[in-house]
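Let me put the structure up and walk you through a few spots I found interesting.

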Amino acid sequence: MNKIIFLLLLMPFASFSQRMVSSEFIDSLVKVSMNKFPQAGVAIGVIQDGEITHLKGYGIASKNSNTLVDESTLFAIASNSKAFTSTALGILVDQGKIAWEDKVIDHIPEFRMYDFYVTANFTILDLLTHRSGLGLGAGDLMFFPDGSDFTIDDVIASFKYQTPVSDFRTKYDYDNLLYMVAGEVVHRVSGQSWDNFVQDVIMAELGMNSSVGLYQNIANNPNVAFPHKTENNEIIEIGAYSNNGGGFGAAGGIYSNVTDMSKWVLMHLNNGLYGESLNDTLISRSNHKELWKIHTIINSDPRGWGVYSSHYTGYGLGFLIQDQGGYSVINHSGGLPGMLSMVTMIPELNAGIIVLTNSAPGGLSLITLTNEIKDEIIGAEEFDWLVWAEERLAHSDAEAEAVVNAVWEQVEKSKKIKIDFRNYIGRYKDNWFGEVVIYEKDGDLWFKSLRSPKLEGEMKFYKANTFAIAWDYQDMDCDAFISFQLDENGNGLSATMKGISPAIDFSFDFQDLNLIKIIE
(Lines give C-alpha, C1' and ligand atoms only; values in the text may rest on other atoms or scores of the structure.)
Protein backbone atom coordinates (compact mmCIF):
# COMPACT_ATOMS: atom_id res chain seq x y z
CA MET A 1 0.00 0.00 0.00
CA ASN A 2 2.86 2.18 -1.12
CA LYS A 3 5.11 3.19 -4.00
CA ILE A 4 7.23 0.05 -3.87
CA ILE A 5 4.91 -1.67 -6.34
CA PHE A 6 5.95 0.83 -9.03
CA LEU A 7 9.65 -0.05 -8.64
CA LEU A 8 9.12 -3.51 -10.14
CA LEU A 9 9.12 -2.49 -13.80
CA LEU A 10 12.81 -3.20 -14.29
CA MET A 11 15.67 -5.72 -14.85
CA PRO A 12 18.36 -7.25 -17.18
CA PHE A 13 18.23 -9.78 -20.01
CA ALA A 14 18.78 -13.39 -19.03
CA SER A 15 19.48 -16.76 -20.56
CA PHE A 16 17.16 -19.74 -20.08
CA SER A 17 19.46 -21.79 -17.81
CA GLN A 18 18.62 -22.08 -14.13
CA ARG A 19 21.45 -21.86 -11.62
CA MET A 20 21.22 -23.23 -8.10
CA VAL A 21 21.74 -20.53 -5.49
CA SER A 22 23.52 -21.54 -2.30
CA SER A 23 22.70 -20.36 1.21
CA GLU A 24 26.25 -19.02 1.48
CA PHE A 25 25.62 -16.80 -1.53
CA ILE A 26 22.39 -15.47 -0.01
CA ASP A 27 24.11 -14.90 3.35
CA SER A 28 26.78 -12.82 1.60
CA LEU A 29 24.16 -10.71 -0.22
CA VAL A 30 22.37 -9.91 3.04
CA LYS A 31 25.62 -9.09 4.84
CA VAL A 32 26.66 -6.58 2.18
CA SER A 33 23.16 -5.04 2.07
CA MET A 34 22.91 -4.64 5.83
CA ASN A 35 26.39 -3.14 6.03
CA LYS A 36 25.57 -0.62 3.30
CA PHE A 37 22.10 0.57 4.36
CA PRO A 38 20.50 1.09 7.78
CA GLN A 39 17.96 -1.67 8.31
CA ALA A 40 16.65 -3.81 11.15
CA GLY A 41 15.80 -7.34 10.00
CA VAL A 42 15.29 -9.49 6.92
CA ALA A 43 13.92 -13.00 6.39
CA ILE A 44 14.40 -14.90 3.14
CA GLY A 45 12.84 -18.05 1.74
CA VAL A 46 13.97 -19.57 -1.58
CA ILE A 47 12.48 -22.40 -3.61
CA GLN A 48 14.43 -23.98 -6.49
CA ASP A 49 13.28 -26.85 -8.69
CA GLY A 50 10.20 -27.18 -6.51
CA GLU A 51 12.20 -27.67 -3.29
CA ILE A 52 12.73 -25.29 -0.37
CA THR A 53 16.47 -24.62 -0.40
CA HIS A 54 16.80 -21.67 1.97
CA LEU A 55 14.91 -20.42 5.04
CA LYS A 56 16.71 -17.95 7.26
CA GLY A 57 16.35 -14.74 9.25
CA TYR A 58 18.89 -11.95 9.66
CA GLY A 59 19.20 -8.92 11.91
CA ILE A 60 16.80 -7.80 14.61
CA ALA A 61 13.05 -8.16 14.99
CA SER A 62 12.96 -5.27 17.45
CA LYS A 63 15.55 -2.63 18.19
CA ASN A 64 13.89 -1.86 21.50
CA SER A 65 14.11 -5.44 22.80
CA ASN A 66 17.07 -6.55 20.65
CA THR A 67 15.30 -9.76 19.62
CA LEU A 68 16.59 -11.55 16.54
CA VAL A 69 14.88 -12.56 13.29
CA ASP A 70 14.72 -16.26 12.37
CA GLU A 71 12.79 -18.32 9.83
CA SER A 72 9.74 -18.34 12.12
CA THR A 73 9.55 -14.58 12.82
CA LEU A 74 6.21 -13.11 11.78
CA PHE A 75 6.22 -10.03 9.54
CA ALA A 76 3.38 -7.94 8.16
CA ILE A 77 3.20 -8.96 4.49
CA ALA A 78 0.87 -6.03 3.70
CA SER A 79 -0.42 -6.11 0.10
CA ASN A 80 0.84 -9.66 -0.41
CA SER A 81 -2.38 -10.41 1.49
CA LYS A 82 -4.33 -9.56 -1.68
CA ALA A 83 -3.45 -12.88 -3.29
CA PHE A 84 -4.99 -14.67 -0.30
CA THR A 85 -8.22 -12.74 -0.92
CA SER A 86 -8.31 -13.65 -4.61
CA THR A 87 -7.48 -17.28 -3.78
CA ALA A 88 -10.28 -17.35 -1.19
CA LEU A 89 -12.71 -16.16 -3.85
CA GLY A 90 -11.37 -18.77 -6.26
CA ILE A 91 -12.11 -21.45 -3.68
CA LEU A 92 -15.68 -20.15 -3.39
CA VAL A 93 -15.96 -20.31 -7.19
CA ASP A 94 -14.82 -23.95 -7.02
CA GLN A 95 -17.51 -24.59 -4.42
CA GLY A 96 -20.15 -23.18 -6.75
CA LYS A 97 -21.07 -20.40 -4.32
CA ILE A 98 -20.04 -17.54 -6.60
CA ALA A 99 -18.85 -16.92 -10.16
CA TRP A 100 -16.08 -14.51 -11.15
CA GLU A 101 -18.53 -12.52 -13.28
CA ASP A 102 -21.13 -12.21 -10.51
CA LYS A 103 -22.23 -8.63 -9.97
CA VAL A 104 -21.09 -7.28 -6.61
CA ILE A 105 -24.59 -5.94 -5.89
CA ASP A 106 -25.89 -9.53 -6.05
CA HIS A 107 -23.87 -10.26 -2.90
CA ILE A 108 -23.71 -6.78 -1.36
CA PRO A 109 -26.97 -5.06 -2.38
CA GLU A 110 -26.01 -1.70 -0.83
CA PHE A 111 -22.80 -1.47 -2.88
CA ARG A 112 -22.75 1.76 -4.91
CA MET A 113 -20.12 3.19 -7.22
CA TYR A 114 -19.87 6.73 -8.59
CA ASP A 115 -22.13 5.91 -11.55
CA PHE A 116 -25.32 3.88 -12.03
CA TYR A 117 -23.93 1.88 -14.96
CA VAL A 118 -20.69 1.09 -13.10
CA THR A 119 -22.65 -0.01 -10.02
CA ALA A 120 -24.91 -2.30 -12.05
CA ASN A 121 -22.04 -3.91 -13.95
CA PHE A 122 -19.28 -4.07 -11.33
CA THR A 123 -18.19 -7.72 -10.98
CA ILE A 124 -16.14 -9.70 -8.48
CA LEU A 125 -13.30 -9.63 -11.03
CA ASP A 126 -13.50 -5.83 -11.07
CA LEU A 127 -12.90 -5.79 -7.32
CA LEU A 128 -9.52 -7.48 -7.84
CA THR A 129 -8.07 -5.90 -10.99
CA HIS A 130 -7.48 -2.17 -10.27
CA ARG A 131 -9.54 -0.93 -13.22
CA SER A 132 -12.44 0.73 -11.41
CA GLY A 133 -11.89 4.21 -12.85
CA LEU A 134 -10.96 5.58 -9.43
CA GLY A 135 -7.56 7.13 -8.83
CA LEU A 136 -4.46 5.64 -7.24
CA GLY A 137 -5.16 4.70 -3.62
CA ALA A 138 -8.60 6.34 -3.63
CA GLY A 139 -10.04 6.42 -0.12
CA ASP A 140 -6.94 5.01 1.57
CA LEU A 141 -6.92 7.97 3.98
CA MET A 142 -9.68 6.13 5.82
CA PHE A 143 -7.02 3.66 6.97
CA PHE A 144 -3.73 5.60 6.83
CA PRO A 145 -2.56 6.29 9.43
CA ASP A 146 -4.03 3.52 11.56
CA GLY A 147 -6.32 4.17 14.49
CA SER A 148 -9.41 5.30 12.57
CA ASP A 149 -12.93 4.01 13.27
CA PHE A 150 -14.10 3.44 9.68
CA THR A 151 -16.07 0.24 9.15
CA ILE A 152 -16.64 -1.94 6.11
CA ASP A 153 -20.04 -0.25 5.81
CA ASP A 154 -18.23 3.09 5.52
CA VAL A 155 -15.98 1.65 2.83
CA ILE A 156 -18.93 0.32 0.83
CA ALA A 157 -20.69 3.70 1.12
CA SER A 158 -17.61 5.72 0.15
CA PHE A 159 -17.34 4.94 -3.57
CA LYS A 160 -20.39 6.92 -4.63
CA TYR A 161 -18.65 10.06 -3.35
CA GLN A 162 -15.33 9.37 -5.08
CA THR A 163 -14.52 11.12 -8.35
CA PRO A 164 -13.28 8.85 -11.16
CA VAL A 165 -10.09 9.73 -13.03
CA SER A 166 -10.65 7.40 -16.00
CA ASP A 167 -13.42 5.46 -17.70
CA PHE A 168 -14.49 2.17 -16.14
CA ARG A 169 -12.19 -0.76 -17.11
CA THR A 170 -9.86 1.37 -19.23
CA LYS A 171 -6.89 2.17 -16.97
CA TYR A 172 -4.84 0.59 -14.18
CA ASP A 173 -4.88 2.48 -10.88
CA TYR A 174 -3.89 0.52 -7.80
CA ASP A 175 -6.48 0.44 -5.02
CA ASN A 176 -7.00 -1.08 -1.59
CA LEU A 177 -10.60 -0.36 -0.66
CA LEU A 178 -12.10 -2.60 -3.35
CA TYR A 179 -10.08 -5.52 -1.98
CA MET A 180 -11.78 -4.82 1.35
CA VAL A 181 -15.11 -5.16 -0.44
CA ALA A 182 -13.82 -8.44 -1.92
CA GLY A 183 -13.15 -9.60 1.64
CA GLU A 184 -16.71 -8.70 2.54
CA VAL A 185 -17.93 -10.88 -0.36
CA VAL A 186 -15.99 -13.76 1.22
CA HIS A 187 -17.70 -13.00 4.53
CA ARG A 188 -21.24 -12.79 3.18
CA VAL A 189 -20.95 -15.85 0.96
CA SER A 190 -19.08 -18.14 3.38
CA GLY A 191 -20.58 -16.95 6.64
CA GLN A 192 -17.08 -16.54 8.09
CA SER A 193 -15.14 -13.34 8.57
CA TRP A 194 -12.42 -12.89 5.94
CA ASP A 195 -9.60 -13.55 8.42
CA ASN A 196 -11.21 -16.71 9.80
CA PHE A 197 -11.87 -18.02 6.29
CA VAL A 198 -8.27 -17.43 5.25
CA GLN A 199 -6.92 -18.98 8.44
CA ASP A 200 -9.23 -22.02 8.40
CA VAL A 201 -9.54 -22.77 4.68
CA ILE A 202 -6.14 -21.70 3.35
CA MET A 203 -3.52 -21.41 6.09
CA ALA A 204 -4.57 -24.43 8.13
CA GLU A 205 -4.81 -26.60 5.01
CA LEU A 206 -1.33 -25.63 3.84
CA GLY A 207 0.22 -26.02 7.30
CA MET A 208 0.87 -22.31 7.67
CA ASN A 209 0.56 -22.83 11.39
CA SER A 210 2.02 -19.53 12.62
CA SER A 211 0.32 -17.21 10.13
CA VAL A 212 -2.74 -15.07 10.90
CA GLY A 213 -5.11 -12.92 8.91
CA LEU A 214 -4.91 -9.93 11.25
CA TYR A 215 -2.35 -8.48 13.67
CA GLN A 216 -4.87 -8.88 16.49
CA ASN A 217 -4.97 -12.65 15.90
CA ILE A 218 -1.30 -13.20 16.73
CA ALA A 219 -2.25 -13.98 20.35
CA ASN A 220 0.70 -15.19 22.43
CA ASN A 221 3.34 -15.72 19.76
CA PRO A 222 6.36 -13.64 20.91
CA ASN A 223 8.31 -14.12 17.66
CA VAL A 224 7.05 -11.03 15.86
CA ALA A 225 9.01 -8.41 13.91
CA PHE A 226 8.25 -4.79 14.74
CA PRO A 227 8.45 -1.99 12.17
CA HIS A 228 11.30 0.51 11.96
CA LYS A 229 11.91 3.75 10.09
CA THR A 230 15.15 5.51 9.19
CA GLU A 231 15.87 8.96 10.57
CA ASN A 232 19.26 10.66 10.21
CA ASN A 233 20.69 7.32 9.06
CA GLU A 234 19.53 5.67 12.28
CA ILE A 235 16.94 2.91 12.73
CA ILE A 236 14.02 3.85 14.99
CA GLU A 237 11.36 1.36 16.07
CA ILE A 238 7.77 2.53 15.53
CA GLY A 239 4.41 1.10 16.56
CA ALA A 240 2.88 -1.80 14.65
CA TYR A 241 0.13 -0.88 12.21
CA SER A 242 -2.96 -2.25 13.93
CA ASN A 243 -5.95 -0.73 12.14
CA ASN A 244 -7.49 -3.95 10.90
CA GLY A 245 -11.07 -2.86 11.31
CA GLY A 246 -13.21 -1.97 8.33
CA GLY A 247 -12.09 -5.07 6.46
CA PHE A 248 -8.52 -3.84 5.98
CA GLY A 249 -7.13 -7.35 6.40
CA ALA A 250 -8.31 -8.42 2.93
CA ALA A 251 -6.14 -5.68 1.40
CA GLY A 252 -3.08 -5.95 3.63
CA GLY A 253 -3.56 -7.45 7.09
CA ILE A 254 -1.74 -10.81 7.09
CA TYR A 255 1.24 -11.63 9.32
CA SER A 256 3.37 -14.56 8.17
CA ASN A 257 6.93 -15.87 8.09
CA VAL A 258 9.19 -17.28 5.37
CA THR A 259 8.56 -20.87 6.54
CA ASP A 260 4.81 -20.54 6.06
CA MET A 261 5.05 -18.36 2.94
CA SER A 262 7.22 -21.02 1.29
CA LYS A 263 4.30 -23.45 1.62
CA TRP A 264 2.03 -20.82 0.06
CA VAL A 265 4.43 -20.31 -2.86
CA LEU A 266 4.84 -24.06 -3.40
CA MET A 267 1.06 -24.44 -3.70
CA HIS A 268 0.97 -21.76 -6.38
CA LEU A 269 3.92 -23.22 -8.27
CA ASN A 270 1.98 -26.49 -8.30
CA ASN A 271 -1.14 -24.82 -9.75
CA GLY A 272 -3.21 -25.16 -6.59
CA LEU A 273 -1.99 -28.59 -5.45
CA TYR A 274 -0.30 -29.21 -2.10
CA GLY A 275 0.77 -31.96 0.27
CA GLU A 276 3.72 -34.35 0.18
CA SER A 277 2.44 -36.17 -2.90
CA LEU A 278 0.50 -33.20 -4.29
CA ASN A 279 -2.70 -35.19 -3.84
CA ASP A 280 -4.65 -32.32 -2.28
CA THR A 281 -6.25 -29.41 -4.12
CA LEU A 282 -6.66 -25.99 -2.52
CA ILE A 283 -7.92 -24.28 -5.67
CA SER A 284 -8.69 -25.87 -9.04
CA ARG A 285 -6.20 -25.55 -11.87
CA SER A 286 -8.71 -23.59 -13.95
CA ASN A 287 -9.35 -21.02 -11.24
CA HIS A 288 -5.68 -20.85 -10.34
CA LYS A 289 -5.03 -20.03 -13.98
CA GLU A 290 -7.49 -17.14 -13.59
CA LEU A 291 -5.31 -15.72 -10.79
CA TRP A 292 -2.27 -15.61 -13.09
CA LYS A 293 -4.07 -14.36 -16.18
CA ILE A 294 -3.52 -10.72 -17.15
CA HIS A 295 -6.85 -8.95 -16.61
CA THR A 296 -5.52 -5.39 -16.67
CA ILE A 297 -2.68 -4.28 -18.92
CA ILE A 298 -0.29 -1.90 -17.16
CA ASN A 299 2.33 -1.47 -19.84
CA SER A 300 3.43 -3.09 -23.10
CA ASP A 301 6.12 -2.34 -25.65
CA PRO A 302 7.27 -4.76 -28.37
CA ARG A 303 10.72 -3.13 -28.29
CA GLY A 304 11.15 -3.84 -24.58
CA TRP A 305 12.06 -1.45 -21.77
CA GLY A 306 14.06 -1.26 -18.56
CA VAL A 307 17.17 -3.14 -17.55
CA TYR A 308 15.28 -6.39 -18.04
CA SER A 309 14.05 -5.60 -21.55
CA SER A 310 10.50 -6.36 -20.46
CA HIS A 311 7.72 -6.39 -23.04
CA TYR A 312 4.60 -6.50 -20.89
CA THR A 313 3.38 -5.88 -17.37
CA GLY A 314 -0.13 -6.67 -16.24
CA TYR A 315 -2.22 -7.37 -13.19
CA GLY A 316 -3.97 -10.68 -12.56
CA LEU A 317 -5.97 -11.35 -9.42
CA GLY A 318 -3.71 -10.31 -6.56
CA PHE A 319 -0.55 -10.81 -8.64
CA LEU A 320 1.62 -8.76 -11.01
CA ILE A 321 2.71 -10.56 -14.17
CA GLN A 322 5.71 -9.44 -16.23
CA ASP A 323 8.25 -10.92 -18.62
CA GLN A 324 11.76 -10.56 -17.25
CA GLY A 325 14.75 -11.92 -19.13
CA GLY A 326 12.65 -14.31 -21.17
CA TYR A 327 10.58 -15.69 -18.30
CA SER A 328 7.11 -14.89 -17.05
CA VAL A 329 7.57 -13.67 -13.49
CA ILE A 330 4.69 -13.54 -11.00
CA ASN A 331 5.22 -11.22 -8.08
CA HIS A 332 3.79 -8.66 -5.69
CA SER A 333 5.17 -6.24 -3.15
CA GLY A 334 3.69 -5.16 0.15
CA GLY A 335 4.17 -2.05 2.24
CA LEU A 336 2.98 -0.77 5.61
CA PRO A 337 4.74 1.73 7.89
CA GLY A 338 8.15 0.16 8.58
CA MET A 339 7.28 -3.16 6.89
CA LEU A 340 8.10 -4.05 3.26
CA SER A 341 7.81 -7.44 1.55
CA MET A 342 8.19 -9.12 -1.84
CA VAL A 343 6.95 -12.48 -3.10
CA THR A 344 8.26 -13.64 -6.49
CA MET A 345 7.64 -16.79 -8.56
CA ILE A 346 9.15 -18.05 -11.82
CA PRO A 347 6.73 -20.83 -12.81
CA GLU A 348 8.83 -22.17 -15.72
CA LEU A 349 11.70 -22.85 -13.32
CA ASN A 350 9.50 -23.95 -10.40
CA ALA A 351 11.30 -21.28 -8.38
CA GLY A 352 10.20 -18.76 -5.78
CA ILE A 353 11.71 -16.04 -3.59
CA ILE A 354 10.19 -14.54 -0.43
CA VAL A 355 11.80 -11.47 1.17
CA LEU A 356 10.25 -10.01 4.34
CA THR A 357 11.69 -6.89 5.98
CA ASN A 358 10.87 -4.67 8.95
CA SER A 359 12.57 -1.45 7.85
CA ALA A 360 11.52 1.40 5.57
CA PRO A 361 13.13 2.15 3.25
CA GLY A 362 15.63 -0.44 4.45
CA GLY A 363 17.88 0.11 1.47
CA LEU A 364 15.03 -1.19 -0.69
CA SER A 365 16.34 -4.64 0.23
CA LEU A 366 12.99 -6.25 -0.62
CA ILE A 367 13.84 -5.37 -4.24
CA THR A 368 17.63 -5.65 -4.28
CA LEU A 369 17.81 -9.01 -2.51
CA THR A 370 14.97 -10.43 -4.60
CA ASN A 371 16.63 -9.31 -7.82
CA GLU A 372 20.11 -10.49 -6.86
CA ILE A 373 18.81 -13.96 -6.04
CA LYS A 374 16.55 -14.06 -9.09
CA ASP A 375 19.31 -12.90 -11.42
CA GLU A 376 21.51 -15.72 -10.19
CA ILE A 377 18.74 -18.29 -10.67
CA ILE A 378 18.00 -17.27 -14.26
CA GLY A 379 21.59 -16.45 -15.21
CA ALA A 380 21.00 -12.78 -15.87
CA GLU A 381 23.70 -10.34 -16.88
CA GLU A 382 25.44 -8.76 -13.92
CA PHE A 383 23.75 -5.66 -12.56
CA ASP A 384 24.64 -3.78 -9.36
CA TRP A 385 21.33 -3.51 -7.53
CA LEU A 386 22.92 -1.86 -4.48
CA VAL A 387 24.17 1.02 -6.61
CA TRP A 388 20.70 1.20 -8.19
CA ALA A 389 19.10 1.44 -4.73
CA GLU A 390 21.62 3.99 -3.50
CA GLU A 391 21.03 6.24 -6.50
CA ARG A 392 17.26 5.89 -6.34
CA LEU A 393 17.11 6.66 -2.62
CA ALA A 394 19.53 9.58 -2.93
CA HIS A 395 17.55 11.12 -5.80
CA SER A 396 14.20 10.65 -4.06
CA ASP A 397 15.49 11.98 -0.73
CA ALA A 398 17.17 15.00 -2.30
CA GLU A 399 14.10 15.94 -4.35
CA ALA A 400 11.72 15.55 -1.42
CA GLU A 401 14.02 17.34 1.00
CA ALA A 402 14.36 20.34 -1.31
CA VAL A 403 10.59 20.73 -1.70
CA VAL A 404 9.82 20.21 1.99
CA ASN A 405 12.56 22.55 3.19
CA ALA A 406 11.33 25.28 0.86
CA VAL A 407 7.82 24.98 2.30
CA TRP A 408 8.95 25.30 5.91
CA GLU A 409 11.28 28.17 5.01
CA GLN A 410 8.28 29.98 3.55
CA VAL A 411 6.29 29.21 6.71
CA GLU A 412 9.06 30.79 8.77
CA LYS A 413 9.00 33.91 6.57
CA SER A 414 5.22 34.15 6.88
CA LYS A 415 5.22 34.24 10.69
CA LYS A 416 5.13 38.03 10.66
CA ILE A 417 1.81 38.05 8.79
CA LYS A 418 -1.17 38.54 11.09
CA ILE A 419 -3.85 35.88 10.58
CA ASP A 420 -7.40 36.10 11.92
CA PHE A 421 -8.04 32.50 13.05
CA ARG A 422 -11.77 33.21 13.26
CA ASN A 423 -11.94 33.10 9.45
CA TYR A 424 -11.00 29.43 9.46
CA ILE A 425 -12.21 27.95 12.75
CA GLY A 426 -15.13 25.56 12.50
CA ARG A 427 -16.27 22.09 11.49
CA TYR A 428 -15.83 20.87 7.91
CA LYS A 429 -17.09 17.68 6.34
CA ASP A 430 -16.06 15.48 3.44
CA ASN A 431 -18.69 13.01 2.26
CA TRP A 432 -16.47 9.91 2.54
CA PHE A 433 -13.92 10.99 5.13
CA GLY A 434 -16.30 12.60 7.60
CA GLU A 435 -15.81 15.63 9.81
CA VAL A 436 -12.67 17.55 10.71
CA VAL A 437 -12.36 20.42 13.14
CA ILE A 438 -10.26 23.55 12.76
CA TYR A 439 -9.72 25.00 16.23
CA GLU A 440 -7.46 27.25 18.29
CA LYS A 441 -5.14 25.82 20.93
CA ASP A 442 -2.59 27.80 22.95
CA GLY A 443 -2.68 30.64 20.44
CA ASP A 444 -2.16 28.41 17.41
CA LEU A 445 -4.49 27.00 14.76
CA TRP A 446 -4.95 23.22 14.74
CA PHE A 447 -6.53 20.54 12.54
CA LYS A 448 -8.14 17.38 13.87
CA SER A 449 -9.94 14.54 12.07
CA LEU A 450 -12.80 13.19 14.17
CA ARG A 451 -12.67 9.71 12.63
CA SER A 452 -8.90 9.34 12.16
CA PRO A 453 -7.52 10.81 15.40
CA LYS A 454 -3.83 10.46 14.50
CA LEU A 455 -4.44 13.12 11.85
CA GLU A 456 -4.09 16.02 14.25
CA GLY A 457 -1.52 18.74 13.93
CA GLU A 458 -0.69 22.42 14.06
CA MET A 459 -1.64 24.52 11.03
CA LYS A 460 1.14 26.96 10.16
CA PHE A 461 0.43 29.82 7.76
CA TYR A 462 2.13 29.34 4.39
CA LYS A 463 0.83 31.96 1.96
CA ALA A 464 -2.48 33.26 0.53
CA ASN A 465 -5.23 31.08 2.05
CA THR A 466 -2.99 28.04 2.53
CA PHE A 467 -1.56 26.49 5.69
CA ALA A 468 1.01 23.71 6.15
CA ILE A 469 -0.05 21.08 8.69
CA ALA A 470 2.67 19.43 10.77
CA TRP A 471 1.05 16.22 12.01
CA ASP A 472 1.75 14.83 15.46
CA TYR A 473 1.94 11.46 13.65
CA GLN A 474 5.42 11.03 12.21
CA ASP A 475 5.78 7.29 11.53
CA MET A 476 5.56 8.22 7.85
CA ASP A 477 6.21 11.57 6.18
CA CYS A 478 2.71 12.83 5.43
CA ASP A 479 2.55 16.53 6.35
CA ALA A 480 -0.04 18.29 4.21
CA PHE A 481 -1.25 21.60 2.79
CA ILE A 482 -4.77 22.82 3.45
CA SER A 483 -6.14 25.61 1.25
CA PHE A 484 -9.35 27.49 2.05
CA GLN A 485 -11.96 29.01 -0.21
CA LEU A 486 -13.39 32.15 1.42
CA ASP A 487 -16.59 34.14 1.07
CA GLU A 488 -16.77 37.86 0.41
CA ASN A 489 -16.15 38.57 4.10
CA GLY A 490 -13.05 36.38 4.29
CA ASN A 491 -14.73 33.51 6.12
CA GLY A 492 -13.90 29.91 5.25
CA LEU A 493 -16.49 28.10 3.11
CA SER A 494 -14.56 24.99 2.09
CA ALA A 495 -11.08 23.55 1.92
CA THR A 496 -8.93 21.23 -0.17
CA MET A 497 -5.73 19.43 0.80
CA LYS A 498 -2.66 17.78 -0.69
CA GLY A 499 0.59 16.26 0.56
CA ILE A 500 3.61 18.51 0.91
CA SER A 501 6.37 16.04 0.02
CA PRO A 502 6.56 14.68 -3.55
CA ALA A 503 7.63 11.39 -1.92
CA ILE A 504 4.48 11.06 0.19
CA ASP A 505 2.96 7.58 0.09
CA PHE A 506 -0.03 7.45 -2.26
CA SER A 507 -2.27 6.12 0.52
CA PHE A 508 -2.32 9.62 2.02
CA ASP A 509 -4.78 10.75 -0.64
CA PHE A 510 -5.49 14.19 0.86
CA GLN A 511 -6.04 15.52 -2.67
CA ASP A 512 -9.32 13.58 -2.90
CA LEU A 513 -10.92 15.47 -0.01
CA ASN A 514 -13.53 18.17 -0.52
CA LEU A 515 -14.14 19.69 2.90
CA ILE A 516 -17.30 21.82 3.16
CA LYS A 517 -17.84 24.00 6.22
CA ILE A 518 -20.81 22.98 8.35
CA ILE A 519 -22.98 26.04 8.98
CA GLU A 520 -24.66 25.79 12.36
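This is a predicted model: local features need pLDDT of at least 70, side-chain atom pairs count only at pLDDT 80 or more; totals for chains, interfaces and linings use all residues.

Residues are numbered from 1 along each chain as its sequence is written, and side-chain values use heavy atoms, with hydrogens and water left out.

Back to Asn350: its phi is near 55°, positive, and this isn't a glycine. Asn350 is partly exposed, at 25% relative accessible area. On cut-offs, buried is under 20%, exposed is over 50%, and partly exposed is in between, with a 1.4 Å probe and protein chains only.

Asp442 is another non-glycine with a positive phi, about 55°. You'll find Asp442 in the loop between β17 and β18 (444–449), and with 74% relative accessibility it counts as exposed.

While we're in loops, let's do the cis peptides. Phe144 and Pro145 are joined by one, omega about -5°, and Pro145 belongs to the loop between α5 (124–128) and α6 (152–158). Ala360 and Pro361 are also joined by a cis bond, omega about 0°; Pro361 is in the loop between β15 (351–357) and α12.

Now the helix I like, α13, residues 385–413. From first C-alpha to last, its 29 residues reach 42 Å, close to the 42 Å expected, taking 1.5 Å times one less than the number of residues. Asp384 caps the N-terminal end, with a side-chain oxygen 3.1 Å from the backbone nitrogen of Leu386.

Which residues of α13 are buried? Among them are Trp385, Leu386, Trp388, Leu393 and Val411. The buried residues pack against α1 (23–36), α12 (365–378), β19 (456–463), β20 (466–471) and β21 (480–486).

Over in α1 there's Ser33, buried at 1% relative accessible area. Beyond residues up to four places away in sequence, Ser33 touches Gln39, Ser365, Leu369 and Leu386, where contact means heavy atoms within 4.5 Å.

Last stop: Val436, in strand β17 (434–441). Val436 is buried, again with a relative accessible area of 1%. Setting aside neighbours within four places, its contacts include Tyr428, Phe447, Leu450 and Leu515.

Methods: Helices (H or I, at least four residues) and strands (E, at least two) are DSSP runs, numbered from the N terminus. A polar contact is a pair of N or O atoms within 3.5 Å; within protein, one must be able to donate a hydrogen and the other to accept it, and residues adjacent in sequence count only if both atoms are side-chain atoms.
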